[in-house]
Structures are given as structure tokens and as C-alpha cells.
Amino acid sequence: MIMPRGAGQLLLPVNPVFLWFSLLLAMALNLMPLGRYAAMPDFIALVLVFWNVHQPRRVGIGWAFVFGLLMDVHEGALLGQHALSYSLLSYFAIALHRRVLGFGWGAQLLHVLPLFFIAQLVSLLIRLMAGDAFPGWQLALAPVIQALLWPVASWVLLAPQRRPPDPDKTRPL
């Protein structure tokens, strides 16, 4: 069996309950009233990209669109602003998923950073076309913070898959 270069061990299959729980937890983090800072990371975008890279058949563009609509309704934003942003983000993450998995966390961070910038730029352009004021250059910090959170998210979200299986004489792994 050929393993990707970045993988140190074989991972167990992902539990679908854990996958959807992590997406709902990211949604809850985005819904928390932490203030209206422009540099606040988008946790749904981070977790969506993670699962798009690791499980592209389970979490796709359709779910990104649904979570985007939910964020649009929550923030009172122009309907479709986050939906378009998350859909493009998921599309590019799925397109790069095989390449990203072949690298370590540092190189993965450099691969997902432009994705987060593109998503933020699309959302900003939609807001500006709708007549909103420019929120300031500190908005560019959010994708950087999201990319810096990538190794932490990878470590946390892959932890349940790293647990050792029950060893026995017929399964040497």
C-alpha cells in the first residue's frame, strides 16, 4: 500500500457523526457573539476546507452552500454572499485535495492560505457591490489567522482517526 508522504501512520476511517459534529461545532463558534472584529477567523470555512481536503466525497460544495446560506441568515448579510464564498472555497479545496495531502502541515498551510484569501475577497467584493463600506485592511488578517489555525485543526480533527485499533493475531496493524 502506498501511503502519502505526509502521513506518519495509517488512519482509521472517519466517523460520520464526528464529521458532522465538528461542522456544527464550527457553526456554533461562528454564531457566538465574540464581537465584530474584521480579523475574526471563519471557523466554518476552516473546518469545511479541512473536510473537503480529507473527505471530499462526504462534504462537498452542496454542504458548503447550505452552511453559507445559514451564515447569511445569521449575519443578516446579502443572501448568497457566504454561500458563494464557501462554495468557491470548497470547489478549490476539492480540486487541490490530493496535492495538499502529500505535504506536511507547513506546506499545507501555504496551500490553503490562498484559498482563504480568495473566499474573503469574494465576500468583500459582494459586500462592496451591494453598497457596504470598506471594513478596513485588518480584514486581511482573518485568512492569515485561519491558515495559522490549520495545523491545530488538523491535529484536533484527525485525533479520533489516530487511535490504535484493537490488536489481535489476525490484524498486525
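**Working chat: helices and contacts in a predicted model**

Me: Where does S85 lie?
Reply: S85 lies in helix α4, which covers residues 81–101. Keep in mind that this is a predicted model.

Me: Is S85 buried or exposed?
Reply: Buried. Its relative accessibility is 3%, and the cut-off for buried is under 20%, so S85 counts as buried.

Me: What is S85 in contact with, leaving aside neighbours within four places in sequence?
Reply: A119, V122 and S123.

Me: Let's step back. How many helices and strands are in the protein chain?
Reply: The chain has 7 helices and 0 strands. From the N terminus on, the elements run α-α-α-α-α-α-α.

Me: What percentage of the residues count as buried?
Reply: 38% of the 173 residues in the protein chain.

Me: And what share of contacts comes from residues 24 or more positions apart?
Reply: They make up 70% of the chain's contacts with a separation of 6 or more.

Me: On to α1 and α2. At what angle do their axes cross?
Reply: Roughly 160°. The axes come within 8 Å of each other. Helix α1 is residues 16–31, and helix α2 is residues 43–54.

Me: Parallel or antiparallel, then?
Reply: Roughly antiparallel, because the crossing angle of α1 and α2 is over 145 degrees.

Me: Left-handed or right-handed crossing?
Reply: The α1 and α2 crossing is left-handed.

Me: Which residues make the contact?
Reply: From α1, they are F18, L19, S22, L23, A26, M27, L29 and N30. From α2, they are F43, I44, V47, L48 and W51.

Me: How do those residues divide into nonpolar, polar and charged?
Reply: The contact of α1 with α2 has 11 nonpolar residues, 2 polar and no charged.

Me: New topic. How many salt bridges does the count come to?
Reply: The count comes to 1 salt bridge. R127 forms a salt bridge with D132. The closest N and O atoms are 3.3 Å apart.

Me: Buried, partly exposed or exposed, for R127 and D132?
Reply: R127 is partly exposed, at 25% relative accessibility. D132 is also partly exposed, with a relative accessible area of 40%.

Me: One more residue. Which helix holds H111?
Reply: Helix α5, residues 105–129.

Me: What does H111 touch, not counting residues up to four places away in sequence?
Reply: H111 touches L96, R99, V100 and F103.

Me: How far apart are H111 and R99 in sequence and in space?
Reply: H111 and R99 are 12 residues apart in sequence. In space, they are 8.9 Å apart, C-alpha to C-alpha.

Conventions:
Residues are numbered from 1 along each chain as its sequence is written. This is a predicted model: local features need pLDDT of at least 70, side-chain atom pairs count only at pLDDT 80 or more; totals for chains, interfaces and linings use all residues. Side-chain values use heavy atoms; hydrogens and water are left out. Axes are lines fitted to C-alpha atoms, for helices over the stretch in contact, and angles run from 0 to 180 degrees between N-to-C directions. Helices (H or I, at least four residues) and strands (E, at least two) are DSSP runs, numbered from the N terminus. Angles under 35 degrees count as roughly parallel, over 145 as roughly antiparallel, 65 to 115 as roughly perpendicular and the rest as oblique. A crossing is left-handed if the near helix is turned anticlockwise from the far one by less than a right angle, and right-handed if clockwise. Contact means heavy atoms within 4.5 Å. Ala, Val, Leu, Ile, Met, Phe, Trp, Tyr, Cys and Pro count as nonpolar, Asp, Glu, Lys and Arg as charged, and the others, Gly among them, as polar. A salt bridge is a side-chain nitrogen of Lys or Arg within 4 Å of a carboxyl oxygen of Asp or Glu. Buried means under 20% relative accessible area, exposed over 50%, partly exposed in between (1.4 Å probe, protein chains only).
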